[in-house]
Amino acid sequence: MMNNTKSSENQADLHYLHLLSQSFPTIAEASTEIINLEAIMNLPKGTEHFLADIHGESEAFQHVLKNASGNIKRKVNELFGNDIRETEKKELCTLIYYPEQKLELIKATESDIDDWYRITIHQLVKVCRDVSSKYTRSKVRKSLPEEFSYIIQELLHESLSDIDKAAYVSVIVNTIISTGRADDFICAICNVIQRLAIDQLHILGDIYDRGPGAHIIMDTLRQYHSWDIQWGNHDILWMGASAGNDACICNVLRLCLRYANLATIEEYGINLVPLATFALEVYGNDDCHEFMPKLMPGNEMDEKTQQLTAKMHKAISIIQFKKEAEIFHRHPEWQMENRCILETVDLEKKTCSIHGKEYEMFSCNFPTLTPGSCVLTPDESDLMQKLHHSFRISEKLHKHMRTLLSHGSMFAIHNSNLLFHASCPLNDDGTLKEVEIYPGKRYGGKDLMHNIGMMVRSAFENTGEYPKEYARDYFLYLWCGKDSPLFDKSKMATFERYFVTDNNTYKEEKGNYFKLRDSAKVCDHILDAFGVEGPNRHIINGHVPVHASKGENPIKAGGRLMVIDGGFSEAYHQETGIAGYTLVYHSRGFQLVQHEPFTSARDAILRGTDIKSTTQIVEMSAHRMLVADTDKGRELRAQVADLKNLLYAYRRGILKEKRS
């Protein structure tokens, strides 16, 4: 039996070597590739950026990508020092971030534009040479725009200090200017600098809700060179809406109306006219004061529009509570039927019942409610069908959701870092909690995250691992279920906050993960369970804003856990005192960049303003990390081993070289 096994393994190995020989048909080509891979492994590790909880703040997000969380400004300062004035360095940085817009301003004021072109191109080449220094020429070449690829390569690899080459370089630059291609060239090289400054972007969830530009962020990411996302609860809500979960559709609309932010809804072509018409008919005489929108600075809205928004907000909220109750009753195994509070409302007494206790309500105007029932009225049902149809036929929404599916997961492990958005459900003693995600299917830790990922994908596939209808319903549990890794709280007290006078009912008790995550022992247990190895391993997540203004430290559990939700969303700026974090992991270690609020792209272009950022060193490596120290290095070592086996097969005559 053992001999048969070995024989089959040898045959499989030989079959693999035959396939490999098609790519490397000679000893010379296999040897060259080994040399190439060994050289790559000795380059410095690429720079990874980690962001969380962006919540629709597209301008700030795009600026952080453009300035590489302040890294480009730092490089400009290092490269030019006192050789140029501070104003010139600021102008150069702004040009790199916003080349098209900045060029228009400069050309309107610059008296000798050719001289400016000449100086600026040399400066940009110097910056580009610096950011590309840790990559192979091949990788840099692949990042270059085709029309300027040859020219940029020549400029990057030649120096003005070389007397023999100085004239050659000058002719290239002068010809770029004389042929009228200077603007296009500058835009191209600025975009290359932005691209090479960040090797890999990790987003730890929550692109959607609160801010106005989630669709812009998704469009940006669709064009971005290398990124991944660990889904957040707000992303899952939109994915559920896209999959046809009516309760998720209602929640999405409720949140957009709550923050008076309909830009993303409008961009996706969701028709809200039926909702506005219904709200005016049913709640026309209700001031809906509990549902007045939360307006952020700069979001001006007249009183009439605010009133309409509040009525729409209430209308969709009531339908939401009804649709949620329908799903909770359909799945008693979730143990969430106690959240069907609308069914307990006593219209005469103006009370509701929570866990068997009666509470007074702020208001009790529910013209569509049948006491003791959460069935939609015919008009509500008709409205819901129209909204459902609008979400289901939105081509752009589905395109963005497919992007989240293709680039996303519930968790990821990169270079000894465990990434997830919010939580890993735990028991009281810090051990992994097993959660039933489907009748008879209980999982904890890594298996739980993996199977939830399969559940999410099943909602969009006809041959998924779980029934499609159940998977579609499960989005609601992921949004607000007690043991959901994306929520992990006792309840979501939405109904109570709108209607119940006793604010003690608003409390949402956090799960054990949030209570125990300061413990190094607990974090080590989680890392072990997920199979994360390495002397410097970490958990990185977001979800819960860090109250930096109150002295809360985002680095927890003796450095094992990093919480990087610093309140990117404008709605959280007062609460956190800052405007988000970027965690930067480069070849020398980890740095946490703390951002102050961003004014606007327009202000940055006109005045050269940048996001003010403070850098905190989190952890420095004993030696400069190389590609060999990363996950990529592990892959390359395996490839080198395979190629050496191929060489052995060629040299022993097991395989024949295929010489042309």
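Guide: We begin with pairing: two strands pair if DSSP finds at least two bridges between them. The model before us is predicted.

Visitor: How many bridges join strand S4 to strand S5?

Guide: Strands of a sheet pair through backbone hydrogen bonds, either parallel or antiparallel. Here four bridges link S4 (residues 351-354) with S5 (residues 357-360), and the two run antiparallel. Thr351, for example, has Glu360 in S5 as its bridge partner. Two residues lie between the strands of this hairpin, where His355 adopts a positive phi near 55°.

Visitor: In what order do the seven strands of the open sheet stand?

Guide: The order is S6-S3-S2-S1-S14-S15-S16, with mixed pairing. Strand S6 (408-409) and strand S16 (613-620) are at the edges; each has a single partner strand, so one side of each lacks a neighbour in the sheet. S16 is joined to S15 (residues 589-595) by seven bridges, and these strands run antiparallel. Within that pairing, His595 has Ser613 in S16 as its bridge partner.

Visitor: Which strands does helix H3 touch?

Guide: Helix H3 (residues 58-66) packs on the sheet and touches S1 (48-51), S2 (200-203), S14 (581-586) and S15. The direction of H3 makes about 150° with that of S2.

Visitor: Is helix H13 mostly covered or exposed?

Guide: An α-helix has 3.6 residues a turn, so residues three or four places apart point the same way. In H13 (residues 233-243), 11 of its 11 residues are buried, among them Asn233, Asp235, Trp238 and Ala243. Just after H13, Gly244 takes a positive phi of about 105°.

Notes. Residues numbered from 1 in each chain as written. Predicted model: local features only at pLDDT ≥ 70, side-chain atom pairs only at ≥ 80, totals over all residues. Heavy atoms only, no water. Contact = heavy atoms within 4.5 Å. Axes fitted to C-alpha atoms, helices over the stretch in contact; angles between N-to-C directions. Buried < 20%, exposed > 50% of the residue type's maximum accessible area, 1.4 Å probe, protein only.
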